[in-house]
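Start with the open space.

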Amino acid sequence: MTAAPDTPRHTPPATPPTAPPPGPVLVVGFVGVTMGLIAAFQPDDSVIYVEEPDVIRKRRVHDQIDGVPFVRGLIAWEYHLEGKADEFHNAHPDLAPSAVIPAIEYATPFAARLAERYGLPGAGLGAARILRDKALLRQVGAAAGIANPAVAAVSGPDGVLEFLRGRSGPVVLKPANRQASVGTRVIHGPAEVAQAWVDCLVQDEGVFVPDRPMDLSMLVEQYVDGPEYSVELLVRDGRTLFANVTGKELFPGPHPVERAHTVPADIPAQRAELLVAQTEHVVRAVDFRTGTIHCEWIVSGGVPYLVECAGRLAGGGILDTIQLAYPVELLRSYYALMKGEEPPGELPRHAKGAAAVRFLAAGPGRVTAVHGVEDAREADGVFLAAVTVEPGDLLTGLRHSWDRTGIVMATADSPAEARRRAERAAELIRIDIEGEV
């Protein structure tokens, strides 16, 4: 009897190996106001915050991230200090992050170096260090032909007085290594120097910085009079993918604290193009690679003078106003670049509408009552109205950005109307103050 042939057997195709899930995004510096925006695109368990131990304690960061789905964890690390990025990498060699994001000014060198160590896109440590040091940025920018005010490093009032000799007009005294206009003051003459120096040495940022002291590095610069702007760029490998120009207004007084932002700036296209081109010049001068740039300018006599530049997202509501005015998912696009991915959708070249921010200020004295916030929220075009103080708070007056007491944000079809709406809504809010500090 002939044996029956073997029945052919069907071999199922091999299951392709499952790609490992992407590593976590490391966000260096905790910024609570961006958490809602991040939640819109980051999946669960995908972000690890890195923050200074003192800041974690003082700001109760554990409480703020508890139960937030996208947060995987929090690492306490003294990232302000030199060498801490390499130390972090050596302590966490297998973490394999998908991106390293600097969320605040003081995080930029650490994040740039950490991205290098993990082989990820970033600004580059050289560029991050130049942008963090206003004196170094002046030196590098001037060598590249970028207009800068006259400047000198000073270590005391005598240096400021020496700078004033033979010069007309006011000067600006400021730290070379701080943020949020902390320790910055306009000086109109020699009689103001001694008190201005004392005032500018008060550089305590409270809960936002570690308890250990920061190095004192002071500059005095020739005051440049003219309208102020900032330029925000998304950059990949040194090439601009998105650009915006923001119009700025300052509160009156000796401290140059920003009072309002308008996106896009209400200026002719030629001036906007010039400001973007000059910011791209800064990008080339410092060899900035990939990330976001926020560069501030004063235009005097048709010439943009560099104020300062940061290798991070802009604060002060500018991120929100850009996302409202264009519209564009700017934060999501930034994260994508830092992961080495393409931004979602096409990045717009022009805004579709406009948005504006108007900040509030009060004091000095003790807050006794706050009125009109709900009325402001119901005003035409208002997207946001919030006050950050409450009865019983003691205010010292307006010295820097951290002293502002509230924010109103409004949208409209044009920059001028967005600015008017924000201004009108802000006028509905009143903060009552009793006594003086």
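## Second largest pocket

By class, 12 nonpolar, four polar and nine charged residues make up the lining of the second largest pocket. Here Ala, Val, Leu, Ile, Met, Phe, Trp, Tyr, Cys and Pro count as nonpolar, Asp, Glu, Lys and Arg as charged, and the others, Gly among them, as polar. The volume of this pocket is about 730 Å³. It has 25 lining residues, and the closest to its centre are His80, Leu81, Glu82, Pro109 and Arg132. Two or more residues of the lining come from each of α4 (84-91), α5 and α6 (125-132).

The model is predicted: local features need pLDDT of at least 70, side-chain atom pairs count only at pLDDT 80 or more, and totals for chains, interfaces and linings use all residues. Numbering runs from 1 along each chain as its sequence is written, and side-chain values use heavy atoms, with hydrogens and water left out.

## How space is defined

The search uses a 1 Å grid over the protein atoms alone. A cavity is a set of points where a 1.4 Å probe fits but cannot get out; a pocket is an open set with protein on both sides within 12 Å along at least five of seven lines. Lining residues have an atom within 4 Å of a point. Points are joined across faces, edges and corners, and a volume is the space filled by probe spheres set on them.

## Cavities

Three cavities of 30 Å³ or more are counted.

The largest share, four residues, is from α5. The lining has 11 nonpolar residues, six polar and no charged.

Strands β12 (residues 291-300) and β13 (residues 303-310) run antiparallel and are joined by seven bridges. Strands pair if DSSP finds at least two bridges between them. Helices (H or I, at least four residues) and strands (E, at least two) are DSSP runs, numbered from the N terminus.

Two residues lie between β12 and β13 in this hairpin, and Gly301 in the turn has a positive phi of about 60°. Val299 stands opposite Pro304 in β13.

## Gln278

Gln278 sits in helix α10 (residues 269-286). Gln278 counts as buried because its relative accessibility is 17%; buried means under 20% relative accessible area, with a 1.4 Å probe and protein chains only. Leaving out residues up to four places away in sequence, Gln278 touches Ile146, Trp297 and Pro304. Contact means heavy atoms within 4.5 Å.

Note on methods: Buried means under 20% relative accessible area, exposed over 50%, partly exposed in between (1.4 Å probe, protein chains only).
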